[in-house]
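The sequence and the model come next.

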Amino acid sequence: MAPHRRSRPPSPMGIRTPAIATAALTSVALLSQTANAAPSEEPRPSLEEVEKKVGDLYRQAETAGEKYNAAKEKTTKQKKRVDTLLDDVARRTEQLNEAREELGTFAAAQYRTGAAAPDTASLLLADNPQDYFDQTQLMDRLTSRQKQSVDDYVTQQTATTEKRQEASESLETLTRTQSSLKTSKANVQRKLATARDLLSKLTTEEKARLAAIERQKREEAQRRADELARQQAADAERRRQEAAQGTGTSTGAGSGSGTSSGSATSTAKAGKALAFARAQVGKPYVWGASGPGSYDCSGLTQAAWKAAGVTLPRTTWDQVKTGTTVSVNSAQPGDLVFFYDDISHVGIYIGDGMMIHAPKPGAYVREESIYYMPVHSVVRPA
């Protein structure tokens, strides 16, 4: 007889049919594939989103660049002050040493004559000579010349201590400003790197479309500049007619011009500033640069007016406070045109709704419509 075979007891999980087993294996395989799959990439931004993002980054970089300019200017001034203070401390220390040597000569003389040399020697070693005088009778034993020497010594030591403290505080301030300078520089570099990365990912077709958007923007800005030119010409003609009716003569002066010596001087300075700006056309924009080989926006306007003998501050935020604010319709060649709500950009007006400016990273100093960007205000430096 064949050996008796006992049936296997059912699994406590129940009987698994082939269909259920297959479904379970399929689920495990899918879960495994999901777990091992690479994370899905972020959706590719549209061209319009890239264009806006790059524009925002350039603006943010320019704002950070102006902060860098402000910190750099402040650092330069603070460093000069620190150097002056340190030179003063060195000079006072030398004078203090001379006074100390003179007192030492008196101490030696007192020692030879049997006078109270230890008192004078203690004076030279005292942290605070005045406190020492308050606690001793040394002054009673000194001649008038010796007393004058002691007074000079005390004065020099007090002044030297104060100057050392002032120099130390100025050094601390300089260190903080230098830290701010590094932060602003890093912010500019980071934003420009992000913008370059976004642009590098565009396809050839997208770059062509982006160039088309830029051309359209320039055309619209030029159209508005032409409108402003016509308006300014009409206003100038009206003023000439009014002048002719009032005086019986016509000077033929241009818009906003006058015959006073002050106005003539102002016009001459504006002409020099414009001549300098035109000579810079084609030079590259470099943030933080103020010439002669490259410029940022405020560096260019500062250099242009410096050529005309007018000193402007370094940043757009300070330049906008220098001079007289006028309306856009009243803008004259040489005026400064500021842009954006945060006043982060500036150009120099050349007439007919146009300006010369250092636009942005990757671009060059060029002539452009003032309506290429939203105008904030117009300021006449001189």
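N69 touches G288, D296, S298, R314 and T315, leaving aside residues up to four places away in sequence; contact means heavy atoms within 4.5 Å. The model is predicted: local features need pLDDT of at least 70, side-chain atom pairs count only at pLDDT 80 or more, and totals for chains, interfaces and linings use all residues. Residues are numbered from 1 along each chain as its sequence is written, and side-chain values use heavy atoms, without hydrogens and water.

N69 lies in helix α2 (residues 47-113). Helices (H or I, at least four residues) and strands (E, at least two) are DSSP runs, numbered from the N terminus. With a relative accessible area of 2%, N69 is buried (under 20%; exposed is over 50%, partly exposed in between; 1.4 Å probe, protein chains only).

Six strands form an open sheet in the order β1-β6-β2-β3-β4-β5, with antiparallel pairing. Two strands pair if DSSP finds at least two bridges between them. The edge strands, β1 and β5, each pair on one side only.

| Edge strand | Residues |
|---|---|
| β1 | 324-326 |
| β5 | 366-369 |

β1 pairs with β6 (residues 375-380) over three bridges, and V326 has V378 as its bridge partner in β6. Helix α8 (residues 297-307) packs on the sheet and touches β2, β3 and β4.

A nonpolar core is a set of buried Ala, Val, Leu, Ile, Met, Phe, Trp, Tyr and Cys residues joined through side-chain atoms within 4.5 Å. The largest has 44 residues, of which W305, F338, I348 and I356 touch the most other members. Its largest share, nine residues, comes from α2. A second, separate core of 14 residues includes V326 and V378.

Key: Axes are lines fitted to C-alpha atoms, for helices over the stretch in contact, and angles run from 0 to 180 degrees between N-to-C directions.
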